[in-house]
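Hello,

Here is the structure I promised to pass on to you. Have a look at it first, and then read on for what turned up.

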Amino acid sequence: EALIGAMNHSAMLHLENNPNDADAKDVHDKVFTFTEQLQRAMHNTFRYGQGTRDMCGPTGFTTEDFIDKVAWRLGRYLAKLDEAEFSYPPPELSEPTVSSDAITT
């Protein structure tokens with residue numbers, strides 16, 4: 001929960017510092033969408049009785065198994081979102097031009 005709050009706070013500060021920047025708004029929206037789905041996945045995992053041993057007793061999951069279950073559930077939730085709304089375009093990569101004068105032997 002604390003990490004989710006920190007991620008949301010950071011996205012909010014970024015948007016507040018760049019109010020006219022469309023990219024800042026886009027980042028803000030994507031961070032909030034992701035954190036909402038992460039929180040939902042964590043809460044539902046506990047709700048379905050798949051919590052960690054410290055919360056559910058000896059029949060609970062290990063920390064690693066809990067994280068795997070949350071990741072699985074989060075992946076399902078994110079996959080259900082509209083692809084156009086939550087897709088990231090591939091980065092545009094370019095290589096610098098190097099002149100033959102810059103090469104030394």
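Let me start with a lysine: Lys30 counts as buried, because its relative accessibility is 11% and the cut-off for buried is under 20%. Please keep in mind throughout that this is a predicted model.

What does Lys30 pair with? Its salt-bridge partner is Asp26, and the closest N and O atoms of the two are 3.1 Å apart. Both residues belong to helix α2, where 4 residues, or about one turn of the helix, separate them. Asp26 is partly exposed, with a relative accessible area of 35%.

A search of the whole structure gives 2 salt bridges.

Now for the overall picture. The protein has 4 helices and 0 strands, so to read it along the sequence is to follow the pattern α-α-α-α. Of its 105 residues, 26% are buried. If you take the contacts between residues at least 6 apart in sequence, 55% of them join residues at least 24 apart.

From α1, the residues in the contact are Ile4, Met7, Asn8, Ala11, Met12, His14 and Leu15, while α2 brings in Ala24, Lys25, His28, Val31, Phe32, Phe34, Thr35, Leu38, Gln39 and Met42. Sorted by class, this contact of α1 with α2 has 11 nonpolar, 5 polar and 1 charged residues.

Leaving aside residues up to four places away in sequence, Met12 touches His28 and Phe32. Met12 and Phe32 are 20 residues apart in sequence, and their C-alpha atoms are 9.2 Å apart in space. Is Met12 buried, exposed or something in between? With a relative accessible area of 33%, Met12 is partly exposed.

Helix α2 (residues 22–47) also packs with helix α4 (residues 63–80), at an angle of about 130 degrees and with the axes 9 Å apart. That angle makes α2 oblique to α4. The crossing of α2 and α4 is right-handed. On the α2 side the contact involves Phe34, Gln37, Leu38, Arg40, Ala41, Met42, Asn44, Thr45 and Phe46, and on the α4 side Phe66, Lys69, Val70, Arg73, Leu74, Tyr77 and Leu78. By class, the contact of α2 with α4 has 10 nonpolar, 3 polar and 3 charged residues.

How values were computed. Residues are numbered from 1 along each chain as its sequence is written. This is a predicted model: local features need pLDDT of at least 70, side-chain atom pairs count only at pLDDT 80 or more; totals for chains, interfaces and linings use all residues. Side-chain values use heavy atoms; hydrogens and water are left out. Axes are lines fitted to C-alpha atoms, for helices over the stretch in contact, and angles run from 0 to 180 degrees between N-to-C directions. Helices (H or I, at least four residues) and strands (E, at least two) are DSSP runs, numbered from the N terminus. Angles under 35 degrees count as roughly parallel, over 145 as roughly antiparallel, 65 to 115 as roughly perpendicular and the rest as oblique. A crossing is left-handed if the near helix is turned anticlockwise from the far one by less than a right angle, and right-handed if clockwise. Contact means heavy atoms within 4.5 Å. Ala, Val, Leu, Ile, Met, Phe, Trp, Tyr, Cys and Pro count as nonpolar, Asp, Glu, Lys and Arg as charged, and the others, Gly among them, as polar. Buried means under 20% relative accessible area, exposed over 50%, partly exposed in between (1.4 Å probe, protein chains only). A salt bridge is a side-chain nitrogen of Lys or Arg within 4 Å of a carboxyl oxygen of Asp or Glu.
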